[in-house]
Amino acid sequence: MTDTPPAEPKSVLHEYLRSARAAILWKLEGLSEYDMRRPLTPTASNLLGLIKHLTGCEVGYFADTFGRPFPDAPEWLYDDDAEINIDMWARADEPSAEIIDRYRRACAHGDETIQALELDSIGHVPHWPAPRDKVTLHTILVHMLAETSRHSGHADILRESVDGAAGHRAGVSNLPDEDTAWWAAYRDKVEQAAAELK
């Protein structure tokens, strides 16, 4: 984010969305193909899958909702017979570079929609029930900020479990600047406090 935050509501929301997008992309930097893709929770949460999922969200909400088609939309997005959860993981034959590039381009397309429309511009989300399906750009900006931030938080935990890397983004950790020994002692203290209530 910039040093001086914008004052206009649409610009504020857009700036925070851009920051959340950048944070989640940063979580993949320096990882092997395996570490980007491997399931790290019982429900198979993985870093590259989060990017793939958010690509569908960017296209669905900023392109389709406002009649501004994205020319390279994922094929599974419009396939009613697509495999369940296909947007949450990457097959071995799906290059990570292509998934990440498509996400960046979908975000750029979303940026164009945000810049072109007013906050009160009306759109339609086909998979939301009436009357909630009629939305404004303001609603979608808030929705996508929440969606992206939620998955960015997931990515924080997933990345830390891969190699211990933690923090908000490059140069801004949002964590106490302490060494490994301090963090180990801190974790033990938290564990001890929890164990007292077993």
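Colleague: To begin with the largest pocket, what is the make-up of its lining by class?

Modeller: In this predicted model, the lining of the largest pocket comprises 7 nonpolar, 6 polar and 3 charged residues. The lining has 16 residues, and Gly56, Gly60, Tyr61, Leu77 and His127 lie nearest the centre of the pocket. The volume of the largest pocket is about 350 Å³.

Colleague: Which element gives the most to the lining of the largest pocket?

Modeller: That element is H3, with 6 residues. The elements giving two or more residues to this lining are H3 and H5.

Colleague: Why are H3 and H5 called roughly antiparallel to each other?

Modeller: The axes of H3 (residues 47-64) and H5 (residues 137-163) cross at roughly 180° and come within 10 Å. Angles over 145 degrees count as roughly antiparallel, and H3 and H5 are therefore described in that way.

Colleague: Which residues in H3 meet H5?

Modeller: On the H3 side they are Leu47, Leu50, His53, Leu54, Cys57, Glu58, Tyr61 and Phe62. Their partners in H5 include Leu137, Ile140, Met144, His151 and Arg159. By class, the contact of H3 with H5 has 12 nonpolar, 5 polar and 3 charged residues.

Colleague: What makes Thr113 count as buried?

Modeller: Thr113 has a relative accessible area of 0%. Buried means under 20%, so Thr113 is buried. This residue is found in helix H4 (residues 96-116). Leaving aside its neighbours within four places in sequence, Thr113 is in contact with Phe62, Phe66 and Arg68.

Conventions:
Residues are numbered from 1 along each chain as its sequence is written. This is a predicted model: local features need pLDDT of at least 70, side-chain atom pairs count only at pLDDT 80 or more; totals for chains, interfaces and linings use all residues. Side-chain values use heavy atoms; hydrogens and water are left out. Axes are lines fitted to C-alpha atoms, for helices over the stretch in contact, and angles run from 0 to 180 degrees between N-to-C directions. Helices (H or I, at least four residues) and strands (E, at least two) are DSSP runs, numbered from the N terminus. Angles under 35 degrees count as roughly parallel, over 145 as roughly antiparallel, 65 to 115 as roughly perpendicular and the rest as oblique. Contact means heavy atoms within 4.5 Å. Ala, Val, Leu, Ile, Met, Phe, Trp, Tyr, Cys and Pro count as nonpolar, Asp, Glu, Lys and Arg as charged, and the others, Gly among them, as polar. On a 1 Å grid over the protein atoms alone, a cavity is a set of points where a 1.4 Å probe fits but cannot get out, and a pocket is an open set with protein on both sides within 12 Å along at least five of seven lines; lining residues have an atom within 4 Å of a point. Grid points are joined across faces, edges and corners, and a volume is the space filled by probe spheres set on the points. Buried means under 20% relative accessible area, exposed over 50%, partly exposed in between (1.4 Å probe, protein chains only).
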